[in-house]
Amino acid sequence: VQLQASGGGLVQVGGSLRLSCKAYGNVITLNDMGWYRQAPGQERESVAGVKSGGTPNYADSVKGRFTISRDNGKNMIYLQMNRLQPEDAAVYYCWAETVNDWGDIDNEYWGKGTLVTVSS
């Protein structure tokens, strides 16, 4: 599975961005997908995830501002980011896990990051 993320850029405080991530390859094995981010000097952290059935989960820091969605027909996930703050600035990474024929998680994949910059 390969993941291609896009949509990062420069936005002012309070603005919005929408990130997209498309999965290629053996997509039939996709299970949970999500977004992580890593700011300079900090560890990578989970931002939001979405199960194959569409159930989302969010980091407390983004609840109420970010919305993750999934289109299984297009093998894509999205992250709508509203009311962006300086602390949201980071490289955002798309993530996915796959399952084997028995439904066990067998691999995880990362896309190349997309940079989100928030200016004050």
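Which residues touch the most other members of the largest nonpolar core? I looked this up in a predicted model, in which local features need pLDDT of at least 70, side-chain atom pairs count only at pLDDT 80 or more, and totals for chains, interfaces and linings use all residues. Residues are numbered from 1 along each chain as its sequence is written, and side-chain values use heavy atoms, with hydrogens and water left out.

**Entry 1: core.** I found W35, L79, M81 and Y92 to touch the most other members among the 29 residues of this core. A nonpolar core here is a set of buried Ala, Val, Leu, Ile, Met, Phe, Trp, Tyr and Cys residues joined through side-chain atoms within 4.5 Å. Buried means under 20% relative accessible area, exposed over 50%, and partly exposed in between (1.4 Å probe, protein chains only). Elements giving two or more residues to the core include β1 (2-6), β3 (17-24) and β9 (90-99). Strands are DSSP runs (E, at least two residues), numbered from the N terminus. I then listed the contacts of Y92 (heavy atoms within 4.5 Å). Not counting residues up to four places away in sequence, Y92 touches L19, W35, V47, F66, L79 and M81, among others.

**Entry 2: disulfide.** The link is left-handed, at -85° about the S-S bond. C21 lies in strand β3 and C94 in strand β9, so the pair ties together parts 73 residues apart in sequence. Both C21 and C94 are buried.

**Entry 3: strand β1.** I noted that β1 runs antiparallel to β3, joined to it by 5 bridges; strands pair if DSSP finds at least two bridges between them. A5 stands opposite C21 in β3. L3 and A5 make up the covered face of β1, while Q2, Q4 and S6 make up the uncovered one. In a regular strand the side chains alternate between the two faces of the sheet.

**Entry 4: two buried polar residues.** T98 counts as buried because its relative accessibility is 3%. Its side chain makes a polar contact with the side chain of D106 at 2.7 Å. A polar contact is a pair of N or O atoms within 3.5 Å; within protein, one must be able to donate a hydrogen and the other to accept it, and residues adjacent in sequence count only if both atoms are side-chain atoms. I located R65 in the loop between β6 (56-58) and β7. The side chain of R65 reaches the backbone oxygen of S61 at 2.9 Å and that of R83 at 2.9 Å.

Notes:
Helix = DSSP H or I, 4+ residues; strand = E, 2+ residues; numbered from the N terminus. Disulfide = S-S within 2.5 Å.
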